[in-house]
Amino acid sequence: MALGLMAGLLLAACSHGPEKLPFRLTNITGHLPNLAFHLTDDNGKAVTGKDFRGKVVMMYFGYTHCPDVCPLTMTRMHVVMQQLGKDARDVRFLFVTVDPERDTVKVLHQYVTAFDKHDVGLTGTPAQIRALAKRYRAAFTRGKTLKNGGYEVNHSAVIYVFDRHGRARVLATPTTGNGDLEHDLRLLISSGN
Amino acid sequence: MRPNILLALATAVALASALPVHAKDSAAVRVSGAWIRVLPGSLPNAGYAVLHNDSNQVVDLVSADSPAYGRVMLHKSVETGGVSRMLPVKQLAIPAHGKATLAPGGYHLMLMQRALPVKPGMRVKIRLHFADGSMLESEFLARPANATGISG
């Protein structure tokens with residue numbers, strides 16, 4: 001019986017591979033692992049990748065002391081969410097800090113809520129964040145500490161897009177047009193599989 | 001009476017010459033579309049504008065300051081090999097009869113150590129300093145974090 005169940009599950013897994021979709025962005029289906037992490041969200045709650053199953057998820061590595069590119073990315077995501085209208089309720093944008101030292105839960109919360117209600121800030125221990133970045137081959141390095149104690153962090157510019165099953169499907173970059181991103185998000189929102 | 005007037009005059013002259021030379025206002029440069037993206041709390045902000053040079057000579061922007069921020073730096077965001085980074089910029093050339101653009105994702109003023117409250121809707125003074133010693137004071141419109149530009 002157990003064997004039969006397993007065989008059934010395997011069969012189901014095989015016959016329900018990711019549906020081929022006419023993406024406009026870089027298709028990475030099958031090339032990066034499923035969304036998985038153990039982190040803390042901007043409300044201080046422990047969360048894992050599984051908590052976002054059922055949503056189309058975008059993930060970006062950044063930091064709040066980045067005054068130009070990160071807010072530009074966050075603003076673009078806000079514009080895309082507005083374009084999605086009601087459908088945006090099925091999408092989450094995960095802002096994973098690569099600067100957990102300065103990006104406390106409170107700072108992250110203020111930051112993400114200033115952009116869009118579908119944004120989630122995520123922080124964790126340096127080891128947890130390194131593990132997630134490594135999983136998605138996202139580089140980040142801390143720059144020199146300035147005289148005033150400030151520093152910059154060089155970070156991956158890529159946005160990873162996952163389907164409702166947590167499978168990595170497309171990559172967006174800073175030069176991706178909002179229309180193309182919206183197009184692919186809509187495909188993933190309306191795709192049951 | 002007369003010696004007093006003379007004394008006053010001498011004092012005035014002495015004071016005037018002792019004061020730091022007031023940077024002459026730049027006649028060459030105009031600013032348009034100047035705005036600031038305001039981030040919450042004490043996070044650094046970014047300033048953007050288009051700098052127009054109406055003269056026959058290139059003008060180099062070398063620094064900026066503002067009463068609202070303890071420190072202002074000229075920066076450029078670049079993306080190489082999928083990695084975003086910020087580079088300090090020593091000077092930004094505004095070509096003769098041309099313009100230089102400070103815009104999200106490129107050149108920008110990094111505004112640090114907020115010294116005065118800056119809220120969306122406020123106009124914030126920022127002084128731009130040029131290589132020829134001239135200066136331009138302009139007003140930047142403070143905008144919300146998720147603004148796409150000076151409007152919108």
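1. Strands here are DSSP runs (E, at least two residues) and helices are runs of H or I of at least four, numbered from the N terminus; two strands pair if DSSP finds at least two bridges between them.

2. A word on the source: this is a predicted model, in which local features need pLDDT of at least 70 and side-chain atom pairs count only at pLDDT 80 or more, while totals for chains, interfaces and linings use all residues. Residues are numbered from 1 along each chain as its sequence is written, and chains are lettered from A and ligands numbered from 1 in the order in which they are written.

3. The β4(A) and β5(A) strands belong to an open, mixed sheet of eight strands, ordered β1-β10-β9-β4-β5-β6-β2-β3 in chain A. Its edges are β1 (26-27) and β3 (46-48) of chain A, each pairing on one side only.

4. Now for the partner chain: 27 residues from chain A and 24 residues from chain B make up the contact (C-beta atoms, placed from the backbone, within 7 Å). On the chain A side, α2 (69-84), α3 (105-113) and β8 (153-156) each supply at least two residues, and α2(A) gives the largest share, seven residues.

5. Strands cross the boundary too: β8(A) and strand β5 (residues 83-88) of chain B run antiparallel, joined by two bridges. There, A:His155 stands opposite B:Ser84 in β5(B).

Conventions. Two residues are in contact if their C-beta atoms, placed from the backbone, lie within 7 Å.
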